[in-house]
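Here is a friendly set of notes to read alongside the structure. Keep the viewer open and look up each residue as you go.

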Amino acid sequence: MDMNQYMGMFLEESREHLQSLNQSLLELESDPSALAVLDEIFRSAHTIKGMSATMGFTQIAELTHEMENVLDLLRKSVLKADPNIIDLLFKCVDTLEQLVESVANETELTIDVNPLVEKLRQVANNGGAAVTATPQSTHENTAAAQDQSPESCSQVELSDTEIQVVKAAHDQGLLAFEVKVELRENCVLKSARAYMVMSALEELGEVFKSIPAAEDLEQENFEFSFQVFLVTSAEEDKVQQTIMNISEIEAVTVIPCKVPVAEQKTDQPNPKKEVTPAGKPDKLVEHHVEKKIKSGQSVRVDIDKLDSLLNLVGELVINKTRLEQIGLTHKLTDLVETMEQMDRVTTDLQNVVMKVRMVPVGQVFNRFPRMVRDLSHELNKEINLIIQGEETELDRTVIDEIGDPLVHLLRNAIDHGVEHPEERQANGKDPVGEVRLIARHEGNNVIIMVTDDGKGINPEIIKAKCVEKGLITQAEADKMDANEAVRMVFYPGFSTSKVVTDVSGRGVGMDVVKTKIESLGGRVDVETKVNEGSIFKIRLPLTLAIIQALLVNICDEIYAIPLGSIDSTINITPGDIKTIQNQEVILLRGQIIPIVRLGKVLAIPEKANTEEPEELFVVIVHMGDHRAGIIVDTLIGQQEIVIKSLGKLLAGIKVIAGATILGNGQVALILDVGSLMQ
Amino acid sequence: MEEEIRTQTEIQLVAFKLGREEYGISILQVQEIKRMTDITRVPYTPDYIRGVMNLRGSVLPVLDLKKRLGLESNEITDDTRIVIVKVDDLSVGLIVDAVSEVMTIAQENIENSQTVVTSVAANYLDGVGKLENRLLILLNLEAIIGINQETAKVG
């Protein structure tokens, strides 16, 4: 059989499961008694094992198999998830990641899994020995003890999370059932029947657990009966009837799930101290349910296909604009009316395509708890990472690019921002440092912030070091206010200096972060207070492909200015322009605004004998707090434009951010307001 | 297939005119030939870059080939064409005075340009093809387009 066709799927799913393993292990680390998390870990490991065995990646299969043995003992509470075991499991996940990546790169990586396998076996054997000697010694609650043989009776132990699901259902007036399904002995496609049962039940309500797990059902890893737990508004009979309608079913027993009040654990899980993973325990239930709903209704799509879909929509928008213009110039009322209809459809279509391309930033954020954990261990610091707004959505292309800058910022915050615990205590702070990663929408932008409550950045030290490095003169430094000084951390020369890094503690690769963010059309800013911490704030556009822009005319050339950076447009007379040290400025509502003569900046060949007109059009643009006025000949109007790159040959040209195609087929250039103002 | 071509040692060329001289590009590198269209000037580019054009929805840079080769650029006429070439995934338009024909030339009739021409533009040439009483200058597109060179980024 040709396995290559499954390769992409294998890689994608393995990566997903490894990601979730990392996340679940973090959760387990903070709450070693969480059985639901253990189940999750077990499922992921099991799936990877199954997939890799099928694909013939024996190393991966072997390692996951040994992991499963240990996990199983953890699940049965024979072993306790102590830091040693967790570390070992993390190491396994790391090795698995390497193995999967080596499969992806088709490189023959010589990774020896034997030492890990050996260690896992030791752990498993020790656990096994312990259980024979003192079978109950490691048990903390009786509920877990019964979990050892869940399939034996119908009164299956539900995990805490599942009990909560049942309780929540009761509170909402829904019913929870345990459905025991027996297939006929001669049933041929067991997994297909199981699938039909599952999908039938999912139509009635929410399936929150099955024994064996859904993966096993799919792979026919069960005899002739299985159990499904669901929350539904339907009656017992209805459930029974629905399943009996499926052929080759021998018997169905529907038992209402009682809320096992007595079994409820009274001891609260330890309040989290070290690393808080993204999902908080009280959110677990929601997560669980949400996942189930989505899994049945989503389709994996190749990102290239989405890109070409977006390009096609872009074409459509361009052609639509073109047709609109034809209608207007030739005064074709019918066409204009039809175009209005079509305008609505294309706008909707465009929105849908955009939404399809949107992915939650959680996809990127997910990998950070693990990184923060490792980093804080390495540096002997205690860090509480708080992630907020992981559901905020961003365009796929932006998501792919944003990871590295965030890694930089987080590393900086932990490495240089947050002090060592003793130092924090000496300063009257909580020894545990707090690093926050926050995402949220703000108008047409997404804001991502990395904040820490560390020592902050001292502008005086920055200034001194910049002068020392010869980046600025002493006079310039004296003129600088604190904000400007702190912004020097983004200055390219700054990062290369090790001395500055040691003293000020900031600046490693910050210019790289800035360049990257700006290449995405975003901005990065920093706010800091000495001894209170720093906030790095990234502002990104929601999407990169289609924007609103103002088209302007200079001589015979048309340029597009992104609407996002326009404040207003005003008319002035030449007399309104004053000069300060030869820099032309105007006074607008008490503010001094420098003037940019676009014709000059763009070196547009001037027409002979043109007098300065009596009235000038000025487009007031802004970049952060800075404003400037751009003088143009005429304003053409506001329009949706599709951003096209100028290509490799013309990349990196000053002042031009890209190109777009106008309704008449002509190419217009898009101005880069940021570089125009420098 | 490749073997066949090698034994035949013939190449197919698109021949075009720049002033009084005749030039050739391997047909495998030519995507299409267009009539002159609107070209948008791009500031901060070298003077041989005419600007960008719209080719069915994508934006392509257009080079004035005569300027690039250090020849006197002249008026655009009815015969002026844009030859769209593709080199290393990069599509570029080249403005030429006129496209004459597609022809086949035997490898043995191609002479190394270095032995014939010694001007600055020699880098841009691949050789000279002899065809009865015509001379065809073969262009090195990689060098002309400036891949792996800093030529395009002149501020």
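## Notes on strands and a contact

1. Let's begin in chain A, where strand 21 and strand 22 (residues 667-671) pair in the antiparallel sense over 5 bridges. To find the pairing on your screen, look for A:Ile661, which stands opposite A:Val667 in strand 22 of chain A. Please keep in mind throughout that this is a predicted model.

2. Now step back to the whole sheet. In chain A, 5 strands form an open sheet in the order 20-12-13-22-21, and the pairing is mixed. Which strands are the edge strands? They are strand 20 (634-642) and strand 21 (656-661) of chain A, each of which pairs on one side only. From one strand to the next, the twist averages 35°. As background, strands of a sheet pair through backbone hydrogen bonds, and they can do so in a parallel or an antiparallel way.

3. A helix belongs in this picture too. Helix 12 (residues 303-329) of chain A packs on the sheet and touches strand 12 (546-554), strand 20 and strand 21 of chain A. The direction of helix 12 makes about 145° with that of strand 20 of chain A.

4. Next, move to chain B. Strand 9 (residues 110-111) and strand 10 (residues 125-131) of chain B run antiparallel and are joined by 2 bridges. Here B:Ile110 has B:Gly129, in strand 10 of chain B, as its bridge partner.

5. Strand 10 of chain B is also joined to strand 11 (residues 134-139) of chain B, by 6 bridges, and these two run antiparallel. One pair to look up is B:Lys130 with its bridge partner B:Leu135 in strand 11 of chain B. Strands 10 and 11 of chain B form a hairpin with 2 residues between them, and B:Glu132 in the turn has a positive phi of about 50°.

6. How do the chains meet? The contact takes 25 residues from chain A and 23 residues from chain B. Between them the two chains bury about 2000 Å², with 67% of it on carbon and sulfur atoms. Which residues of chain B lose the most area to chain A? They are B:Arg41, B:Tyr44 and B:Val59, together 32% of what that side buries.

7. On the side of chain B that touches chain A, the residues divide into 13 nonpolar, 5 polar and 5 charged.

How values were computed: Residues are numbered from 1 along each chain as its sequence is written. Chains are lettered from A and ligands numbered from 1 in the order in which they are written. This is a predicted model: local features need pLDDT of at least 70, side-chain atom pairs count only at pLDDT 80 or more; totals for chains, interfaces and linings use all residues. Side-chain values use heavy atoms; hydrogens and water are left out. Contact means heavy atoms within 4.5 Å. Buried area is the accessible area (1.4 Å probe) that two parts lose on being put together, summed over both. Ala, Val, Leu, Ile, Met, Phe, Trp, Tyr, Cys and Pro count as nonpolar, Asp, Glu, Lys and Arg as charged, and the others, Gly among them, as polar. Two strands pair if DSSP finds at least two bridges between them. Helices (H or I, at least four residues) and strands (E, at least two) are DSSP runs, numbered from the N terminus. Axes are lines fitted to C-alpha atoms, for helices over the stretch in contact, and angles run from 0 to 180 degrees between N-to-C directions.
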